[in-house]
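Welcome, and please bring up your viewer. We will go from one selection to the next and look at what is there.

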Amino acid sequence: MKKLYKLMYIFIITSICGYFIEMIWSLVTKGIFINHSAVVIGPFNFAYGICGVVLTLLLYRFKDESYLKIFLLSFIGGSILEYIMSWGMELVLGFTAWDYSDMFLNINGRICLLFSVFWGALGILWIKILYPQIEKILNKINPKAYKIIAISLTIFLVFDIGFTISCVNRARKADMGIPPNNSYERFLDNTFNSKYLKNMFNNNWK
């Protein structure tokens, strides 16, 4: 069970790191702030969180292998995962938060060579440098607190995901001209509306 809790911590940590990586990238390349969170509450980019968990499971047994081997495993694994996440997001929400159609050597706009190379390099950085340090810190947490925090974070994220789905559904209705039925829907219209979601989903909101 402790291994499961550790993966939850890794998911949270890499989700938050991914959020800030994307935020900085947008500021540097586009000069604008884009909220790349997957949920409306908190800085959580689930694409990075999922990749953090997958890369850990994929690469941990090879952590002492050559950099080239780790790069290739991460390059392939990250690319496959990103493609699946893009496809799944489109299937569930009707859109994706990224589109590489104008990038060199892309596949259906879901993955491209540049970001596949990025995943390869990230795999090396993660399993060789970052993960060992994070593991040391997590091992220092009191076992009881370790469990309580992990469970609390899981409950919060489940709520956050459900709330985000509610926001998406209400925003779509508002775009169709359907008025709010209650104070909760009016709250959503005033806060987590289409404008907010468009920024959050990298202008790919439909």
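How many aromatic pairs does a search of the whole structure find? In this predicted model, the search turns up 17 aromatic pairs.

**Stop one: two ring pairs.** Select tyrosine 19 and phenylalanine 20. Their ring centres are 5.1 Å apart and the planes meet at 90°, so this pair is edge-to-face. Tyrosine 19 is buried at 9% relative accessibility, whereas phenylalanine 20, with a relative accessible area of 37%, is partly exposed. Now select phenylalanine 192 and tyrosine 196. With centres 5.2 Å apart and planes at 80°, these rings are edge-to-face too. Phenylalanine 192 is buried, at 14% relative accessibility, and tyrosine 196 is partly exposed, at 27%.

**Stop two: a ring cluster.** Show Trp25, Tyr48, Tyr100, Phe115, Phe118 and Trp119 together; ring pairs link these residues into a cluster. Keep Tyr100 on screen, as it is also one of the contacts of arginine 110.

**Stop three: arginine 110.** Look in the loop between strand S1 (106-107) and strand S2 (111-112) to find arginine 110. Is arginine 110 buried or exposed? Its relative accessible area is 11%, which is under the 20% cut-off, so arginine 110 counts as buried.

**Stop four: lysines over rings.** Select lysine 63 and tyrosine 60: the charged end of lysine 63 sits over the ring of tyrosine 60, 4.4 Å from the ring centre. Then move to tyrosine 67, where lysine 128 lies over the face of the ring at 5.1 Å from its centre.

**Stop five: helix H5.** Select residues 143-175, the 33 residues of helix H5. Begin at the N-terminal end, which asparagine 142 caps with a side-chain oxygen 2.9 Å from the backbone nitrogen of lysine 144. Next, colour the buried residues of H5, among them Tyr146, Leu157, Asp160, Phe163 and Arg170. What do the buried residues of H5 pack against? Their partners are helix H1 (2-29), helix H2 (46-59), helix H4 (113-139), helix H6 (183-190) and helix H7 (194-200). Finish just after H5, at glycine 177, which takes a positive phi of about 85°.

Definitions and conventions:
Residues are numbered from 1 along each chain as its sequence is written. This is a predicted model: local features need pLDDT of at least 70, side-chain atom pairs count only at pLDDT 80 or more; totals for chains, interfaces and linings use all residues. Side-chain values use heavy atoms; hydrogens and water are left out. Helices (H or I, at least four residues) and strands (E, at least two) are DSSP runs, numbered from the N terminus. Buried means under 20% relative accessible area, exposed over 50%, partly exposed in between (1.4 Å probe, protein chains only). Contact means heavy atoms within 4.5 Å. The expected span of a helix is 1.5 Å times one less than its number of residues. A polar contact is a pair of N or O atoms within 3.5 Å; within protein, one must be able to donate a hydrogen and the other to accept it, and residues adjacent in sequence count only if both atoms are side-chain atoms. Rings of Phe, Tyr and Trp (its six-membered ring) pair if their centres lie within 6.5 Å; planes under 30 degrees apart count as stacked, over 60 as edge-to-face and the rest as tilted. A charge sits over a ring if NZ of Lys or CZ of Arg is within 6 Å of the ring centre and within 35 degrees of the ring normal. Lists of a residue's contacts leave out its neighbours within four places in sequence.
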